[in-house]
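I am opening a notebook page on this structure.

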Amino acid sequence: MDYDKLWEEYPEVISMDQFYRICQISKRKARWILENGVVPCRDSGKKTRRFQIRLEDVIAFLRKRDEGLLEGVIPVGGFSSKSAADGRPRYDLDSDELCSFLVAQWQDEPDMLTSRHAAALCGYNMYTINRWAQDRLVKAVLYYGKYLISKDSPAEYLSSGGRARHHGDVGATSKSAGGAFRPATKQCHGVRFHGTVRV
């Protein structure tokens, strides 16, 4: 792609509609990228004209994508508008059952998880995990400049459907971390969140 032409065709700040057209991706994927901080943006929270994205950040994203530096950051698939009717049965679970299921699945993991480890367990990228920590939506501590997340805390938050309470500071000398987790349907170790488990 000729990135110089983008400066001629688009303003310095663009909308999500312009973003997904430039990147040649679906609206759903574009929204996920913006909501999860893969591309920096200003989010007004409004239903229309919600995102404002700097063109220079879009170009930086495209260069990383072209160089293969985003592999593992953006989930493969899951952005189709079609339902994932694959014939496997799904069962409704309440939040307590789902939380217990996740805790049981993660019982052999360390009590404190790095952002990378938590991302692998939860099915989200490290940007999102660190945002959970920064917004104190999961229990975490800042240890030598990196977040360590309490293992059970993401399970509680995921099973709540994104309705976790803010956690206070953890420890007298440690900053609390609780990364921002936006409600979204994700899969993790056989679980589809928002109350459905895949078997």
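I call a residue buried under 20% relative accessible area, exposed over 50% and partly exposed in between, with a 1.4 Å probe and protein chains only. Helices (H or I, at least four residues) and strands (E, at least two) are DSSP runs, numbered from the N terminus.

I note that this is a predicted model, in which local features need pLDDT of at least 70, side-chain atom pairs count only at pLDDT 80 or more, and totals for chains, interfaces and linings use all residues. Residues are numbered from 1 along each chain as its sequence is written, and side-chain values use heavy atoms, with hydrogens and water left out.

Entry: helix α8.
I looked up α8 (residues 152-159) and found 6 of its 8 residues buried, so the helix is largely enclosed by the rest of the structure. The buried residues are S153, P154, A155, Y157, L158 and S159. I then asked what covers the buried residues of α8. The cover includes α5 (95-105), α6, α7 (126-134) and β7 (146-150). Contact here means heavy atoms within 4.5 Å.

Entry: S115.
S115 is found in helix α6 (residues 115-122). It is buried, with a relative accessible area of 7%. Leaving aside neighbours within four places in sequence, I find S115 in contact with M126, I129, N130, Y147 and I149.

Entry: aromatic rings.
Rings of Phe, Tyr and Trp (its six-membered ring) pair if their centres lie within 6.5 Å; planes under 30 degrees apart count as stacked, over 60 as edge-to-face and the rest as tilted. I find 4 aromatic pairs in the structure. One of them, W132 with Y157, is edge-to-face, at 6.0 Å centre to centre and 70° between the planes. This pair links distant parts of the chain, with W132 in helix α7 and Y157 in helix α8, 25 residues apart. Both W132 and Y157 are buried. Together with Y124 they form one aromatic cluster.

Entry: the sheet with β7.
Two strands pair if DSSP finds at least two bridges between them. An open sheet of 3 strands has the order β5-β7-β6, with antiparallel pairing. β5 (112-114) and β6 (140-143) are the edge strands, each with a single partner strand, so one side of each has no neighbour in the sheet. Neighbouring strands are turned by 35° against each other on average, direction ignored. Axes are lines fitted to C-alpha atoms, for helices over the stretch in contact, and angles run from 0 to 180 degrees between N-to-C directions. β5 and β7 are joined by 3 bridges, and T114 has L148 in β7 as its bridge partner.

Entry: the sheet with β3.
Another open sheet of 3 strands is ordered β1-β3-β2, again antiparallel. β2 and β3 (residues 51-54) pair over 2 bridges; F51 in β3 is the bridge partner of D43. Helix α4 (residues 55-66) packs on this sheet, touching β1 and β3, and its direction makes about 70° with that of β3.

Entry: cores.
A nonpolar core is a set of buried Ala, Val, Leu, Ile, Met, Phe, Trp, Tyr and Cys residues joined through side-chain atoms within 4.5 Å. In the largest, of 25 residues, F19, I33, I53, V58, F61 and L62 touch the most other members. α1 (3-9), α2 (16-23), α3 (27-35), β3 and α4 each supply at least two residues of this core. A second, separate core of 20 residues includes C99, A118, A119 and I129.
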